[in-house]
Amino acid sequence: MDADEPEILVTNDDGIDAPGIRALADGLDAVGNVTVVAPADNQSATGRAMSQEVAVHDHDLGYAIEGTPADCVVAGLEALGPYPDLVVSGVNEGGNLGMYVLGRSGTVSAAVEAAFFGVPAIAVSMYMREEQFGEPTAVADYEHAVDATTHLAHDAVTDGIFDTADYLNVNAPHPDADATGEMVVTRPSHAYDMTAAQTGDTVTLYDRLWEAMAAGDIHDPEGTDRRAVLDGHVSVSPLTAPYSTEHHDALDGIATEF
């Protein structure tokens, strides 16, 4: 361990045995001192759900937590230390694209949790086409996403990126995609298309945007994360975590009348 290198806390939502986190931990080892604190099993789409008490187990990568990604960040920062200079979450198997996923994704929520602690964070995901889900991935599949993340981790903290951004949401193309190798700064797409249908006692929810992406039929404008990834770029969205509040004359009036 090098005392002069940054301390990096690595977590994910796919679970500590997922190949994406092993690829990420190995890659970031060249940037700083890595501590892995990750869920013991898959916690995808848990958002910022949090537990009151979690069991912790030793793992060859670090610590396996029987809890959520947000649990892992709090446990890593406050109990399992050392206190990090940077939190990195991923590499997620599948993209985390668009404004609407930011509250759902366990990968992104780990970065948000770190941001509320005032610790810079990066969430990183690898976009996969619909037919690629269910196919086993290997550590080598995440090389492009890891290269992008290590590049950002090496410079972002010292170059002042986090003076104006609380965390970065990174999405890289799948290695089988026709990737350009270019990294572009983006904003999350606002597009949203969820539907639901009832069959007997069951309601099925459909994410129509994922279906459209699988067909390559996305009309997001230039500059959005989803457009960038489908065009073969690495998308980097600089984001802030605290919710904003604005003065609202109409609401002030209603409150005064109460």
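This is a predicted model: local features need pLDDT of at least 70, side-chain atom pairs count only at pLDDT 80 or more; totals for chains, interfaces and linings use all residues.
**Stop 1: a residue in a loop**

Select Asp176. This residue sits in the loop that runs between strand 7 (167-172) and strand 8 (183-185). Is Asp176 buried or exposed? Its relative accessible area is 60%, and exposed means over 50%, so Asp176 counts as exposed. Along the sequence, Asp176 and Gln132 are 44 residues apart, while in space their C-alpha atoms are 9.8 Å apart.

**Stop 2: a residue in a strand**

Move to Ser235, which belongs to strand 11 (residues 234-239). Ser235 has a relative accessibility of 0%. Buried means under 20%, so Ser235 is buried. Next, show the side chain of Thr186 as well. What joins the side chains of Ser235 and Thr186? It is a polar contact of 2.7 Å. To see what else surrounds Ser235, select its contacts beyond four places in sequence: Asn169, Val170, Asn171, Val184, Thr186, Asp225, Ala228 and Val229.

**Stop 3: a cavity**

Rolling a probe the size of a water molecule over the atoms shows where empty space is left. In this structure there is 1 cavity of 30 Å³ or more. The largest cavity holds about 30 Å³ of space. Which residues line the largest cavity? Select Leu97, Tyr100, Val101, Trp210, Met213 and Arg226 to show the lining. Sorted by class, this lining has 5 nonpolar residues, 1 charged residue and no polar ones.

How values were computed. Residues are numbered from 1 along each chain as its sequence is written. Side-chain values use heavy atoms; hydrogens and water are left out. Helices (H or I, at least four residues) and strands (E, at least two) are DSSP runs, numbered from the N terminus. Buried means under 20% relative accessible area, exposed over 50%, partly exposed in between (1.4 Å probe, protein chains only). On a 1 Å grid over the protein atoms alone, a cavity is a set of points where a 1.4 Å probe fits but cannot get out, and a pocket is an open set with protein on both sides within 12 Å along at least five of seven lines; lining residues have an atom within 4 Å of a point. Grid points are joined across faces, edges and corners, and a volume is the space filled by probe spheres set on the points. Ala, Val, Leu, Ile, Met, Phe, Trp, Tyr, Cys and Pro count as nonpolar, Asp, Glu, Lys and Arg as charged, and the others, Gly among them, as polar. A polar contact is a pair of N or O atoms within 3.5 Å; within protein, one must be able to donate a hydrogen and the other to accept it, and residues adjacent in sequence count only if both atoms are side-chain atoms. Contact means heavy atoms within 4.5 Å.
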